[in-house]
Amino acid sequence: METKTNEIIHRLEMIEDDVKALLTHLKRGNSMEDRTRYADEGQTHINNIHIALDMQDDECLTWNKFINIKNK
């Protein structure tokens, strides 16, 4: 049970990370088609969120958080 809980926590952290990156990008006046600090375009962050929400897909479990996103 602990492993499953850790996986869910990790998924939520990855979702939070992409949401923060995308919100920062959009608040700076950039569009979804513009390159973000961490991805080729804003839509990539939406795709990452979908992947992290898919409990049948374990890809996001290998991801790391963006570094110091709050300060960028």
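## How the two helices pack

In this predicted model, helix α1, which covers residues 2–27, packs against helix α2, which covers residues 42–53, at an angle of about 165 degrees and with the two axes 9 Å apart. The axes are lines fitted to C-alpha atoms, for helices over the stretch in contact, and the angles run from 0 to 180 degrees between N-to-C directions. That angle makes α1 roughly antiparallel to α2, a label given to angles over 145 degrees. α1 passes α2 in a left-handed crossing, in the sense that the near helix is turned anticlockwise from the far one by less than a right angle.

On the α1 side, the contact (heavy atoms within 4.5 Å) is made by Arg11, Ile15, Asp18, Val19, Ala21 and Leu22, and on the α2 side by Gly42, His45, Ile46, Asn48, Ile49, Ile51, Ala52 and Leu53. The residues of this contact divide into nine nonpolar, three polar and two charged, where Ala, Val, Leu, Ile, Met, Phe, Trp, Tyr, Cys and Pro count as nonpolar, Asp, Glu, Lys and Arg as charged, and the others, Gly among them, as polar.

## The protein as a whole

The secondary structure of the protein comes to two helices and zero strands; helices (H or I, at least four residues) and strands (E, at least two) are DSSP runs, numbered from the N terminus. Along its principal axes, the C-alpha trace spans about 45 × 25 × 15 Å. Of the 72 residues in the protein, 26% are buried, a word that stands for under 20% relative accessible area, with exposed for over 50% and partly exposed for what lies in between (1.4 Å probe, protein chains only). Among contacts between residues at least 6 apart in sequence, 58% join residues at least 24 apart.

## Asp18 in helix α1

Asp18 lies in helix α1 and is buried, with a relative accessible area of 3%. Leaving aside neighbours within four places in sequence, Asp18 is in contact with His45, Asn48, Ile49 and Phe66.

The side chain of Asp18 makes a polar contact of 2.5 Å with the side chain of His45, and another polar contact, of 3.2 Å, joins the side chains of Asp18 and Asn48. A polar contact is a pair of N or O atoms within 3.5 Å; within protein, one must be able to donate a hydrogen and the other to accept it, and residues adjacent in sequence count only if both atoms are side-chain atoms. Asp18 and Asn48 are 30 residues apart in sequence, and their C-alpha atoms are 7.2 Å apart in space.

## Arg11 in helix α1

Arg11 is also found in helix α1 and counts as buried, at 3% relative accessibility. The side chain of Arg11 reaches the backbone oxygen of Ala52 at 2.9 Å, while the backbone oxygen of Asp57 lies 3.0 Å from a polar atom of that side chain. Not counting residues up to four places away in sequence, Arg11 touches Ile51, Ala52, Asp54, Met55, Asp57, Asp58, Cys60 and Leu61.

## Asn30 in the loop

Asn30 lies in the loop between α1 and α2 and counts as partly exposed, at 29% relative accessibility. A polar atom of the side chain of Asn30 lies 3.1 Å from the backbone oxygen of His25.

## How to read the values

Residues are numbered from 1 along each chain as its sequence is written, and side-chain values use heavy atoms, with hydrogens and water left out. Because the model is predicted, local features need pLDDT of at least 70 and side-chain atom pairs count only at pLDDT 80 or more, whereas totals for chains, interfaces and linings use all residues.

Methods. Parallel < 35°, antiparallel > 145°, perpendicular 65-115°, else oblique.
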